[in-house]
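Here is a friendly walk through one protein chain, from its overall surface down to a single side chain. Have a look at the model first, then read on.

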Amino acid sequence: RDLHDEVGAMLSAIKFNVAGIRRQLSIVKDEADPMAPTLELLNETIGNLRQISQDLMPPSLEQLGLSTALEELAQKVQRATGITVETQLEDLPERLSPQRELALYRAVQELFNNALKHSGATRISLSLQRGPEGLFLHFADNGKGFDTEQVKASGHSGLGLKNIENRVRMAEATVELQSRPGQGTEYRIGIPEIQLVAAA
């Protein structure tokens, strides 16, 4: 929100000032416009900023909740990559706190990024359902998989595992990872019932 409202407003003010300078130059027809490249760059930057701010906090997450935001994310990934993304996202009457919903959304973003960068998957499944003890989020791909023990022993987070763990921890949830070479990767994230609140 700060990126969109504050930085976006400053860029728009700069664009307004540059446009004013452009008018003062009284450029005649067929004369080179020295301000045109700057205005084009500003328009591109403002558009990029708007996209970044929406990726960080999509309006659907704030207004409609986690299930709708994850469905939009899945469709976006499928359109951009051609990878089949199957979803089963239950429309829940409850909401998590905004901080927890955002942390889980960012965790799923990281899961998609990992699958796209490293797995070579052609199919991804994503589900969010309510169980007897809370919410259950499941993410799986049919990619090449990896040796989880080897990755943990290496002491690095080349697959973004630390980012996922940190975001799940911020949501006060738990995550289980299963993967084997040639057998894809699967994540199970559990969100305790006590964290659910009635939707407004």
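The accessible surface of the chain comes to about 12,100 Å², and 52% of that area belongs to carbon and sulfur atoms. Accessible areas come from the Shrake-Rupley method with a 1.4 Å probe, and for residues only the protein chains shown count as cover. Of the 200 residues in the chain, 38% are buried. Here buried means under 20% relative accessible area, exposed means over 50%, and partly exposed lies in between (1.4 Å probe, protein chains only).

Please keep in mind that this is a predicted model: local features need pLDDT of at least 70, side-chain atom pairs count only at pLDDT 80 or more, and totals for chains, interfaces and linings use all residues. Residues are numbered from 1 along each chain as its sequence is written, and side-chain values use heavy atoms, with hydrogens and water left out.

How confident is the prediction? The mean pLDDT of the chain is 84, with 86% of its residues at 70 or more; pLDDT is the predictor's confidence in each residue, from 0 to 100. Confidence is highest in strand 1 (residues 84-89), at a mean of 96, and lowest in strand 7 (residues 197-198), at 53. Where pLDDT is low, the predicted coordinates should not be read in detail.

The chain has seven helices and seven strands. Helices (H or I, at least four residues) and strands (E, at least two) are DSSP runs, numbered from the N terminus. Along the sequence they follow the pattern α-α-α-α-β-β-α-β-β-α-α-β-β-β. Among contacts with a separation of 6 or more, 67% are between residues 24 or more positions apart, where contact means heavy atoms within 4.5 Å.

Strand 4 (residues 134-141) has seven of its eight residues buried, so the rest of the structure largely encloses it. Its two pairings are listed below; two strands pair if DSSP finds at least two bridges between them.

| Strand paired with strand 4 | Sense and bridges | A bridge pair |
|---|---|---|
| Strand 6 (residues 185-192) | antiparallel, eight bridges | F139 with Y187 |

Strands 3 and 4 also form a hairpin, with two residues between them.

Is R95 buried or exposed? R95 is buried, because its relative accessible area is 18%. The side chain of R95 makes a polar contact with the side chain of E101 at 2.7 Å, and also reaches the backbone oxygen of L61 at 3.1 Å. A polar contact is a pair of N or O atoms within 3.5 Å; within protein, one must be able to donate a hydrogen and the other to accept it, and residues adjacent in sequence count only if both atoms are side-chain atoms.
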